[in-house]
Amino acid sequence: MLEDSVLQEELEAGLHLCRLEEWERGLEVLAALAEKHEGLPGVFYSYLGYGMALQENRIHEGRRLCRHAIKVEFYRAENYYNLARTEMLVHNRRAAWRALEKGLAVEAENPRLLALQREMGQRRPPVLGFLPRSNPFNRALGFVRHLFS
């Protein structure tokens, strides 16, 4: 039982450091936990994944860990938040937006997800709604609309 409480304290300390954006120290704690324990909660993998992508530029591994976190704890909005931020590191807005929407479906009033949604902005609908957004006419008209708005 002591080991479980010590593990929980170490986990909370590492997550707290990561949430405060103290990634170097936070990742040290999380990496030490990963070496000693298996079957950690999803939020652990979520922060480890985003931290690895952010600090060590290990984007592929970071994405994989963030997706694993969602498989382990699909009901935790924080996991979607970290996946969205990881996708934004490589400018994959579409994947980031999907993660954001799924996170908001889990917890509609999550302040971090809502802040990220405001930061990312919402796209306007295509100028010609009957054509796909990627259609050259929509792209050209959207560019013109952007110039004059």
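This is a predicted model: local features need pLDDT of at least 70, side-chain atom pairs count only at pLDDT 80 or more; totals for chains, interfaces and linings use all residues.

**Helix packing**

Helix α5, which spans residues 77-89, packs against helix α7, residues 111-120, at an angle of about 25°, and their axes lie 10 Å apart. Because angles under 35 degrees count as roughly parallel, α5 is described as roughly parallel to α7. In this pair α5 passes α7 in a left-handed crossing. On the α5 side the contact is made by Ala77, Glu78, Tyr80, Tyr81, Ala84, Arg85 and Met88, while α7 supplies Arg112, Leu113, Leu116 and Met120. By class, the residues of this contact between α5 and α7 comprise 8 nonpolar and 3 charged, with no polar ones.

Helix α5 also packs against helix α4, residues 59-72, where the two axes come within 9 Å and cross at roughly 160°. The helices α4 and α5 are therefore roughly antiparallel to each other, and α4 passes α5 in a left-handed crossing. From α4, the residues Ile59, Gly62, Arg63, Cys66, Arg67, Ala69 and Ile70 meet Asn79, Tyr80, Asn82, Leu83, Thr86, Glu87 and Leu89 of α5. The contact of α4 with α5 divides into 7 nonpolar, 4 polar and 3 charged residues. Tyr80 of α5 is listed in the contact with α7 and also in the contact with α4.

**Pockets**

| Pocket | Volume | Lining by class |
|---|---|---|
| Largest pocket | about 400 Å³ | 2 nonpolar, 4 polar and 5 charged residues |
| Second largest pocket | about 260 Å³ | 2 nonpolar, 2 polar and 5 charged residues |

The lining of the largest pocket consists of Arg123, Arg124, Pro126, Arg133, Asn138, Arg139, Gly142, Phe143, Arg145, His146 and Ser149.

Around the second largest pocket stand Arg93, Arg94, Trp97, Arg98, Glu101, Met120, Gly121, Gln122 and Arg123. Which helix gives the most to the lining of this second largest pocket? That helix is α6, residues 93-106, which contributes 5 residues.

Two residues link these descriptions.

Methods. Residues are numbered from 1 along each chain as its sequence is written. Side-chain values use heavy atoms; hydrogens and water are left out. Axes are lines fitted to C-alpha atoms, for helices over the stretch in contact, and angles run from 0 to 180 degrees between N-to-C directions. Helices (H or I, at least four residues) and strands (E, at least two) are DSSP runs, numbered from the N terminus. Angles under 35 degrees count as roughly parallel, over 145 as roughly antiparallel, 65 to 115 as roughly perpendicular and the rest as oblique. A crossing is left-handed if the near helix is turned anticlockwise from the far one by less than a right angle, and right-handed if clockwise. Contact means heavy atoms within 4.5 Å. Ala, Val, Leu, Ile, Met, Phe, Trp, Tyr, Cys and Pro count as nonpolar, Asp, Glu, Lys and Arg as charged, and the others, Gly among them, as polar. On a 1 Å grid over the protein atoms alone, a cavity is a set of points where a 1.4 Å probe fits but cannot get out, and a pocket is an open set with protein on both sides within 12 Å along at least five of seven lines; lining residues have an atom within 4 Å of a point. Grid points are joined across faces, edges and corners, and a volume is the space filled by probe spheres set on the points.
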